[in-house]
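Q: Could you take me through one part of this structure up close, the cluster of aromatic rings, and show me how its members sit together?

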Amino acid sequence: MLPLERQNRIKKLIYEKKNLKIAELSKTFGVSEMTIHRDVKGLLDQGIVKKTFGGISLVHTEHQETNTNHDACVFCSRKNNDRLAYRLILSNDKIEMACCAHCGLLRHQQLGDKVIQAICPDFFRQTTISAPSAWFVMDTTLHMGCCQPQVLTFEWKEHAEKFVKGFGGEVYAFQAAKKALFEKMNGNTTCGGKH
């Protein structure tokens with residue numbers, strides 16, 4: 001298939017589905033992800049799509065509501081700190097920012113399938129990581145001055161376990177972290193403010 005044909009098929013798919021993952025397009029067309037990135041470059045240049053974490057989304061021409069106030073947590077209204085911030089990318093292209101993984105996990109649970117991606121910083125390296133593949137540490141003795149019970153995020157389980165050896169706490173995978181946080185809060189989903 002020629003690149004122009006692939007680009008036209010991608011354009012048709014993005015109008016139908018609104019959001020596409022680069023890895024899925026690579027499998028669908030049997031080409032490398034780099035080839036897909038080259039194919040979507042034209043769509044990016046035309047303003048038809050925009051990049052999202054791991055994919056592309058349709059750019060809407062009509063006015064959209066977006067969360068432009070990234071200074072305050074979408075969940076508890078505290079001031080956001082980039083060192084701990086948890087970002088939720090929703091299916092309607094809205095981006096919500098939570099002050100920490102504690103609020104991010106609770107908001108993620110509230111929104112359910114509306115979340116197409118969630119990202120957070122690795123506590124040690126400050127690189128952006130995918131929340132569903134992250135490791136979460138709770139009940140540590142190190143307090144960062146954010147929501148309680150405090151939740152810290154790590155890209156690698158090994159780093160989370162080493163952190164726990166020094167500062168205490170427990171390590172959880174994504175789904176287990178959501179469940180444990182909900183239980184630690186006794187089913188209460190209010191945190192400091194508006195929810």
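A: Of the 195 residues in the protein, 44% are buried, where buried means under 20% relative accessible area, exposed over 50% and partly exposed in between (1.4 Å probe, protein chains only). This is a predicted model, in which local features need pLDDT of at least 70, side-chain atom pairs count only at pLDDT 80 or more, and totals for chains, interfaces and linings use all residues. Residues are numbered from 1 along each chain as its sequence is written, and side-chain values use heavy atoms, leaving out hydrogens and water.

Now to the rings! The structure holds eight aromatic pairs; rings of Phe, Tyr and Trp (its six-membered ring) pair if their centres lie within 6.5 Å, with planes under 30 degrees apart counted as stacked, over 60 as edge-to-face and the rest as tilted. Phenylalanine 123 and phenylalanine 163 make an edge-to-face pair, 5.6 Å centre to centre with 75° between the planes. Both phenylalanine 123 and phenylalanine 163 are buried.

Phenylalanine 124 is partly exposed, with a relative accessible area of 43%, while phenylalanine 154 is buried at 0%.

Together, Phe123, Phe124, Phe154, Phe163 and Phe167 form one aromatic cluster.
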